[in-house]
Structure formats: C-alpha cells, structure tokens
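Please look through the structure below before reading on. The paragraphs that follow begin with confidence, pass to the chain and its sheet, and end at a single residue.

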Amino acid sequence: MRIIGGDKYDLRFYLNSHGFEGTVTANVVAESGKVLASCQFKVEKERGWQEYTSVLTPESTDYKATLQLEFDNAGKGRL
C-alpha cells in the first residue's frame, strides 16, 4: 500500500471471535519491517460479529507498506 507519513487512514474490520479472546493489534508496516502506525483492540470471546474501527497516522512514508493483524492468543475467528 502507498502510505504517506502524517496522513490519516481509517481502519474498519469485522471479527466474529468464535473461540478467540485476547488482543488484536493492527500494524501498518514499512517494507523494511518498521511499524509506522499501530492500534490495539480487546476482543471478547463468543460475542458474534463486532465492528472494530480506528484511525491510523503513520509516522513516515512508504510506498510498499502492508497492513498486518496480529492475534495474541490461539483460537478461531472469522474476519
């Protein structure tokens, strides 16, 4: 993804936690592996489909950045 430092990016996703409880971290990651922006969401088990939103503001520009979701516990879920 083309990411411009200082710009604001709206993040929205839906998750059905179905067996997962813990923290989901959303990272905008530069091609070098450096995290440019990050936010965390607390997910409760068996709550059905829930919407998660945030605004990410990367600290620098990267034309090949990626969005990565990290789950801190094992479990099943649907995005």
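The predictor's confidence in each residue is given as pLDDT, on a scale from 0 to 100. For this chain the mean pLDDT is 93, and 100% of the residues reach 70 or more. The structure is a predicted model, in which local features need pLDDT of at least 70 and side-chain atom pairs count only at pLDDT 80 or more, while totals for chains, interfaces and linings use all residues. Residues are numbered from 1 along each chain as its sequence is written, and side-chain values use heavy atoms, with hydrogens and water left out.

The secondary structure of the chain consists of 0 helices and 5 strands, where helices (H or I, at least four residues) and strands (E, at least two) are DSSP runs numbered from the N terminus. Confidence is lowest in strand 1 (residues 9–16), with a mean of 95, and highest in strand 3, with 97. Taken along the principal axes, the C-alpha atoms fill a box of roughly 40 × 20 × 15 Å. Of the 79 residues, 33% count as buried, a word that stands for under 20% relative accessible area, with exposed meaning over 50% and partly exposed what lies in between (1.4 Å probe, protein chains only).

Three of the strands form an open sheet in the order 3-2-5, with antiparallel pairing; two strands pair if DSSP finds at least two bridges between them. Strand 3 (35–43) and strand 5 (66–71) stand at the edges and have a single partner strand each, so one side of each is left without a neighbour in the sheet. From one strand to the next, the twist averages 20°, an angle between N-to-C directions that runs from 0 to 180 degrees, with axes fitted as lines to C-alpha atoms and, for helices, over the stretch in contact. Strand 2 (residues 22–29) runs antiparallel to strand 5 and is joined to it by 6 bridges, and V24 stands opposite F71 in strand 5.

Which strand holds T25? T25 lies in strand 2, and this residue is buried, with a relative accessible area of 12%. Leaving aside its neighbours within four places in sequence, T25 is in contact (heavy atoms within 4.5 Å) with S38, C39, Q40, Q68, L69 and E70. The side chains of T25 and Q40 are also joined by a polar contact of 3.3 Å, that is, a pair of N or O atoms within 3.5 Å of which, within protein, one must be able to donate a hydrogen and the other to accept it, residues adjacent in sequence counting only if both atoms are side-chain atoms.
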